[in-house]
Amino acid sequence: MSSTDSALPTPKVLRTLGPGLITGAADDDPSGIATYSQAGAQFGLNMLWTVVLTYPLMVAIQSISARIGRVTGHGLSTNLARVFPGWAVMSLVALLFIGNAINIGADLAAMGAAARLVTGWNEHALTIGFAIVSLALQVLVPYHRYVKLLKWLTMALFAYVAVVFTVKIDWAQVAIHTVMPQLPKSGWIVVVVAVFGTTISPYLFFWQSSEEVEDEEAKGEAPLIEDPTDAPGELKRIRWDTLVGMGVSNLIAFFIILTTAVTLHANGVTDIQTSAQAAEALRPVAGELAFFLFALGVVGTGLLAVPVLAGSVGYALGELRGWKSGLEHKPTEAKAFYTVIAAAIVMGLLVDYSGLDPIKALFWSAVINGVISVPIMAAMMVVASRKAQMGAFVATPAQRVFGWLATSVMAAAVIGMFIAF
């Protein structure tokens, strides 16, 4: 072990977790925080049930994406191309690029706005700075070191747990409204669709699948279909990694909704459009500490999510085109892969400076992600059930039931989205 590696010790619990933990944490990006904040501010405790419902669905679909990567030794794009025609997969990847670029732009803008609230510095300068830092980390730091930083960044999410302990909460009411929500006759379906679309997103599928391949190659191991001796331990690791990672994701989402419900909604603040606006609104209601922790969480989760958003596009396109891809490779070895990552971040900055309404941008990003997630999830289920691709490691019966259920829920969410608008 090099001196550099030993200078960054990783606790045992973090060493046993990996792609699942990072994927789950990246799901709570600044745009997701804005969605959860709006849910809590607008409907109070009555939206807590949504993140409880999505947990088993998210676990199923993400564990399947991870399983596909570890078993086959290839990311999702390669495996999708074996089910769908090449042009169809390329079209989905192109839409993924557009949706992720918009999401990156919204996240970078939210990070800049949150940092301005704390420091008072220029918002656009901060936004550009965060973009440069995110890109530099991916380009200059090898994966085996970079992944340790990503794991540590997941700790930023617990700022939202800390916020809860700065305010008074009636936990009996929390339990009652989680199990038996009291929803109005109209208006709530749009927020439910937004929460589902934020929680189950295509870029998470591509990222976790490719990171399993990245981890496998970094350890010098073979795909399970070629060397099944490691299968029991690896599949167990994936199961626990995904259970914990998605658990962290949904737990934090629960606390964000809870925080905004007992502070903003309880004080008549019901219209929150951005994560930075949610942080600022907390200051007079819950105090400086709650405001600071919320703003810190926006920046920390953004630093985690932007690389995942950009990296997932790099993996998706790189695998489909047969390029050398992976964060362990030097930029000179994987020029096209890193070019796609850089292009996604630059496009995100252009969205930020285009004058496009960030809320509309996020809506259209959600529409794109919602539309492409359904065929991708359906194809994943087909791949995971095919012995020709998975050998003896096809998806378990429980994974197939909950995976198809997740696909059906997302299809219903997309239909609901179009009906609502």
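Trp152, Met155, Phe158 and Leu251 make up a nonpolar surface patch with about 370 Å² of accessible area together. This is a predicted model, where local features need pLDDT of at least 70 and side-chain atom pairs count only at pLDDT 80 or more, while totals for chains, interfaces and linings use all residues. Residues are numbered from 1 along each chain as its sequence is written, and side-chain values use heavy atoms, leaving out hydrogens and water.

**The patch**
- Patch members have over 30% relative accessible area and no salt bridge, with nonpolar side chains joined within 5 Å; a salt bridge means a Lys or Arg side-chain nitrogen within 4 Å of an Asp or Glu carboxyl oxygen.
- Areas come from the Shrake-Rupley method with a 1.4 Å probe.
- Met155 sits in the loop between α9 (143-153) and α10 (159-164).
- Met155 counts as partly exposed because its relative accessibility is 38% (buried is under 20%, exposed over 50%, partly exposed in between).

**Helix α5 (residues 48-72)**
- Helices here are DSSP runs (H or I, at least four residues).
- The end C-alpha atoms of α5 are 37 Å apart, which agrees with the 36 Å its 25 residues should span at 1.5 Å a residue (1.5 Å times one less than the residue count).
- There's a kink of about 35° at Tyr55, shortly before Pro56 (the angle between axes fitted to the seven residues ending there and the seven starting there).
- The rest of the structure largely encloses α5, because 21 of its 25 residues are buried.
- Next comes Gly73, with a positive phi near 80°.

**Helix α16 (residues 288-321)**
- α16 bends by about 25° at Gly302.
- With 28 of its 34 residues buried, α16 is largely enclosed by the rest of the structure.
- Gly322 follows α16, and its phi is positive, near 80°.

Technical notes:
Helix = DSSP H or I, 4+ residues; strand = E, 2+ residues; numbered from the N terminus. Buried < 20%, exposed > 50% of the residue type's maximum accessible area, 1.4 Å probe, protein only. Patch = residues over 30% accessible without salt bridge, like charges linked within 9 Å, V, L, I, M, F, W, Y side chains within 5 Å.
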